[in-house]
Amino acid sequence: MGKLLYSAAMSLDGFIAGPGGDMGWLAPYTGDASADELAAEVGALLVGRRTFSGDDPYRGTEAEGKAFGGLWDGPQVVLTRGVAPAVPGVTFCSSLAEGVAAAQAAAGEKTVNVLGASVGRACVEAGLLDEVAVMVMPVLLGDGVRLFERAGSPVRLELLAQEGTSLRYRVLR
């Protein structure tokens, strides 16, 4: 089975989305080479419903609605408690365990890329997350959705790689 990797582009002050889930802030910063490398290792996405249905940083471009701005195409697993619509190439699951199992089966030996702050937090709390990759963008948003918003004991990380403002960590258990 491939690893579970939570990845996100983040403002310098720790936000992955602006107020109300706004992702428009990210548009000027897309096209980073580390995103290309990340897309190449991904076999499936495990996505939260708000992220799946939310604001698209590529809105109004040819890349709208496409993961990694069109650099990646493949199976997506979306966690939802609500009614799941029929979307080609997308599996909807109602529990984290079911979603992780479906995403790992779809990814095979490749990486399952976790998208969405709530799903990232749930994977950490369940002891399932293997790595975190963050691309720090040169902007201060001031408000919005934080990379991690959780109470409790610290989660220890080990730096695996740093290239410019892209950081990759292993979650220590």
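Analyst: The answers below concern a predicted model, taken topic by topic.

User: What is the mean pLDDT of the protein, and where is confidence lowest and highest?

Analyst: The mean pLDDT of the protein is 89, on a scale from 0 to 100, and 94% of its residues reach 70 or more. Confidence is lowest in helix 2 (residues 49–53), with a mean of 79, and highest in helix 3, with a mean of 97.

User: Why is Q104 called buried?

Analyst: Buried means under 20% relative accessible area, and Q104 has a relative accessible area of 18%, so the term applies. Q104 lies in helix 3, and, leaving aside residues up to four places away in sequence, Q104 touches M1, G2, L4 and V112.

User: How do you know that the buried residues of helix 4 line one face of the helix?

Analyst: In helix 4 (residues 117–125), the buried residues are A117, V119, G120, C123 and V124. Seen down the axis of helix 4, these buried residues fall within an arc of 165 degrees, so they line one face. As background, an α-helix has 3.6 residues a turn, so residues three or four places apart point the same way. Helix 4 is followed by G127, whose phi is positive, near 75 degrees.

User: What makes a group of residues a nonpolar core, and which members touch the most others in the largest one?

Analyst: The members must be buried nonpolar residues joined through side-chain atoms within 4.5 Å. The largest such core has 26 residues, of which Y6, L46, V114, C123 and L129 touch the most other members. Among the elements that each supply at least two residues of this core are strand 1 (4–11), strand 3 (42–48), helix 3 (96–107) and helix 4. A second, separate core has 21 residues, including A9, L45, F92 and M137.

User: Why are strand 5 and strand 9 said to stand at the edges of the sheet?

Analyst: The open sheet has eight strands in the order 5-4-3-6-1-7-10-9, with mixed pairing. Strand 5 (90–93) and strand 9 (157–163) each have a single partner strand, so one side of each is left without a neighbour in the sheet. Neighbouring strands of this sheet are turned by 25 degrees against each other on average, direction ignored.

User: How do you know that strand 3 and strand 6 pair?

Analyst: Pairing requires at least two bridges, and five bridges join strand 3 to strand 6, which run parallel. V42 stands opposite T111 in strand 6.

Conventions. Residues numbered from 1 in each chain as written. Predicted model: local features only at pLDDT ≥ 70, side-chain atom pairs only at ≥ 80, totals over all residues. Heavy atoms only, no water. Buried < 20%, exposed > 50% of the residue type's maximum accessible area, 1.4 Å probe, protein only. Helix = DSSP H or I, 4+ residues; strand = E, 2+ residues; numbered from the N terminus. Arc of directions from axis to C-beta. pLDDT = per-residue confidence, 0-100. Contact = heavy atoms within 4.5 Å. Axes fitted to C-alpha atoms, helices over the stretch in contact; angles between N-to-C directions.
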